[in-house]
Structures are given as C-alpha cells and as structure tokens.
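Please look over the sequence and the structure shown here. The paragraphs after them go through the chains and then through selected details.

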Amino acid sequence: MIEGKRTFLRALERDDVERMQRWINDPEVKRHLVFTFPLSYDQELSWYKSKQLPSETEVVLGIVDRETNRHIGNFGFHGIDWVNSVVEVGIIIGEKDFWSKGLGTDAMRAALAYAFNTLNINRVFLKVYGFNKRAIRSYEKCGFNREALLREDVFKDGEYHDTIIMGLLRSEYNMKGAEE
Amino acid sequence: MDITGIALPVCRSSIIEMASCDPSSKKAVRLMICPKGEEIPIGTAFLFNIDWINRSAEYGIIIGSKEHWSGGHGEDATKAVIDYAFLSLGLNRLYLSSSSINKMAIMCYKNSGFIEEGLLREGRYCNGKRRDVVLMSILRRDHLGKGEGASDD
C-alpha cells in the first residue's frame, strides 16, 4: 500500500476489471488516454492478467479515495529503466464525480515519494496532451517541469494535438522537501 | 555504445530479431545504408513505432563504419528516409531522441530539417554521468511547406 493523505494506492484485483473497462470506454475519460478502439471485458481482463505476472518494470495500482473507500482511478509506473534510473508515470481518475477535487494530485504526491524514497529512482516523467489543462496544473503543483512540446503528436476529434513531456528530478524533489 | 544509449551487450539473436521485421505488421521499416556504387553497407536507418492513427514514426540511424563518420552519408540517408516517410508512407510526424553529447548526430538531424522540441533532463546514464536527451521532430508541413505534395525536381 502506498499511503497518501486523502487517497491510497493498492494492488488491482479481479473485481476491479469491469469498473476499469467502464472508465476506458467512457469518451470523456478516453479523450485523455492513448486508447482508440472500444475495449471488451475480455481485453481488459487479459490486460489485468498480464499485470499479475511479477514485474520489475511495470506496476499499475488502484487509487482509492479514503473518504468513500471507492476505487476511483489507477496509477502506473511504466517501463522502469533501472540503468538510467528513469520511470514514466501515468494517472487516470476514471470516476468523473471525483474530478477536480485534488485527489489525483494527492495520489501523484504519494507515488512520487514512493518513486524517489522507495524505488530509488532519479527521474520521473510523464506525457500529457496539451489540451488537458487540469492535468497539467496538477502535475505543476506536484513539482513537474515542462521539458518538451511534441508538435502534432496525437490525432483526436478530427485534428492533431501537441503532447507535453514533464519531468521531475530527485535533486528538485529533495530541494522542494527541504523548503516545506 | 556510448551514443546509442544501449547499456547492456547485445547478443546475436536479438540483433537478428530486430533486423527481421515482419513487413505485414507495418510497424517498422529497417534499411541498410550503402554509399552509391558500393555493396557493403556502412550503417542502418530505420522507422519504427509507426503509428498509423497518429501518422507518426520514430526515426533512428547508425553509421556503424567509423571511417564513414563525417562523410555526409548520415545526412544523405536521413533526407532520403524523410522523403520516403512523408511522400510514400503518408506520415505526418517523424521524431527521434539523441543523447545531448552526440553533437555530430544532432547536427545531421538539424541539417536534414529536424527541429528541437525539448530536453529530457538527466534522461540517460552513461560512463558515470547523467546526460540529457534531446528530442527532435520534423512535421509534414515543415518538410513540404504550405502547398501539399512534393516539388517536381
């Protein structure tokens, strides 16, 4: 368990699969994700099963809201690169009623502490579509800096959109901790 | 090894696997680079992670024969692959990443039309130091200009 203040991150369970399938098929949620095609229950189940094999490089966890004890989203550490000490992170709040409450920011802060203090990682980065202003603001609050603008990286809703890469280094994270 | 960002030794079978891309998958194009009139390749250029919905692909090139470094072959090959990607495959965006210390490669990409998009700070660890990674891209409109389609020359 990774403990945040208002959320915690736990391992995914088979009972979560149907809920996650619902999130990913929701156009408002999907707009911010890489997915394109409608996703079947079995496809989501296969994905879930693939994540159950022990992995040193891929970990996806469920985000639970402490107040309601509901599984509201997922957090992923993707392609952990142990040589370069780099990890890509991804976050989704699938339950729309829980958007704009700072819960994603809370989960991200907990995951960053875990990445730097437990996994001993030097650099955490993420990709976010340029139109996802709410997410960008949340990442900025967590200390991420903009590093790159990938022009016309993704095609959605009839046009190309930019992708932003944001990164946070251990040195910056530690400095920020000292200030607080 | 220092400039490719591949830290672990590569075995023969993984190279064979990498080189033998299945054309039916339409995910990658791997090409050998030969100087005009010569048969022995000096390097390889490739498009991979081809994404047909977003019309993008990642570009990579290695001039493995060190005596051919600085001979302009990399730039020549890069320009040929860019033309191929936009005019034959109909892609919209090519992108690449390069260690910031690989000045020769970055110059080659710039001369071929790639533009810097950002810097992944401390993205790579090599020879005891953390290095930045430069991201570059070229868009269809950068390459072909405002009027679609190529000039006739």
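**A walk through the two chains**

In chain B, 27% of the 153 residues are buried, where buried stands for 20 or more other C-beta atoms within 10 Å of a residue's own, exposed for 12 or fewer, and partly exposed for the range in between, with C-beta atoms placed from the backbone. The model is predicted, and local features need pLDDT of at least 70, side-chain atom pairs count only at pLDDT 80 or more, and totals for chains, interfaces and linings use all residues. Residues are numbered from 1 along each chain as its sequence is written, while chains are lettered from A and ligands numbered from 1 in the order in which they are written.

Starting at the N terminus, the order of elements in chain B is α-β-β-β-α-β-α-β-β-α. The C-alpha trace of chain B spans about 50 × 35 × 30 Å along its principal axes. Of the contacts in chain B between residues at least 6 apart in sequence, 49% join residues at least 24 apart; a contact requires that the C-beta atoms of two residues, placed from the backbone, lie within 7 Å.

Chain A has six helices and eight strands, in the order β-β-α-α-α-β-β-β-α-β-α-β-β-α along the sequence. A box of roughly 45 × 40 × 35 Å, taken along the principal axes, is filled by the C-alpha atoms of chain A. For 180 residues a compact globule would have a radius of gyration near 16 Å, and the 16 Å of chain A agrees. Buried residues account for 33% of the 180 residues of chain A. Among contacts in chain A with a separation of 6 or more, 57% are between residues 24 or more positions apart.

How do two helices of chain A pack, and at what angle? Helix H1 (residues 17-25) and helix H3 (residues 41-50) of chain A meet at an angle of about 115 degrees, with their axes 9 Å apart. The axes are lines fitted to C-alpha atoms, for helices over the stretch in contact, and angles run from 0 to 180 degrees between N-to-C directions. On the H1(A) side the contact is made by A:Val17, A:Glu18, A:Met20 and A:Gln21, and on the H3(A) side by A:Tyr41, A:Glu44, A:Leu45 and A:Tyr48. These residues divide into five nonpolar, one polar and two charged; Ala, Val, Leu, Ile, Met, Phe, Trp, Tyr, Cys and Pro count as nonpolar, Asp, Glu, Lys and Arg as charged, and the others, Gly among them, as polar.

Helix H4 (residues 103-117) of chain A contains A:Arg109. A:Arg109 counts as partly exposed because it has 19 C-beta neighbours inside 10 Å. Apart from neighbours within four places in sequence, A:Arg109 is in contact with A:Gly4 and A:Cys142.

Further along chain A, strand E7 (residues 145-156) and strand E8 (residues 159-169) pair in the antiparallel sense over eight bridges; pairing requires at least two bridges found by DSSP between the strands. A:Leu150 stands opposite A:Thr163 in E8(A). The hairpin of E7(A) and E8(A) has two residues between the strands, and A:Asp157 there takes a positive phi near 50 degrees. A:Asn145 is placed in strand E7 of chain A. With neighbours within four places in sequence left aside, A:Asn145 is in contact with A:Met166, A:Gly167 and A:Leu168.

In chain B, E5(B) and E6(B) also form a hairpin with two residues between them, and B:Asn127 in the turn has a positive phi of about 50 degrees. E5(B) and E6(B) pair in the antiparallel sense over eight bridges, and B:Glu116 stands opposite B:Met136 in E6(B).

Where the chains meet, 21 residues of chain B are in contact with 21 residues of chain A. Strand E4 (93-99), strand E5 (115-126) and strand E6 (129-139) of chain B each give two or more residues to this side, and E5(B) gives the most, with nine residues. The side of chain B that touches chain A divides into eight nonpolar, six polar and seven charged residues.

How values were computed. Helices (H or I, at least four residues) and strands (E, at least two) are DSSP runs, numbered from the N terminus. The radius of gyration is taken over C-alpha atoms; the globule rule is 2.2 Å times the number of residues to the power 0.38.
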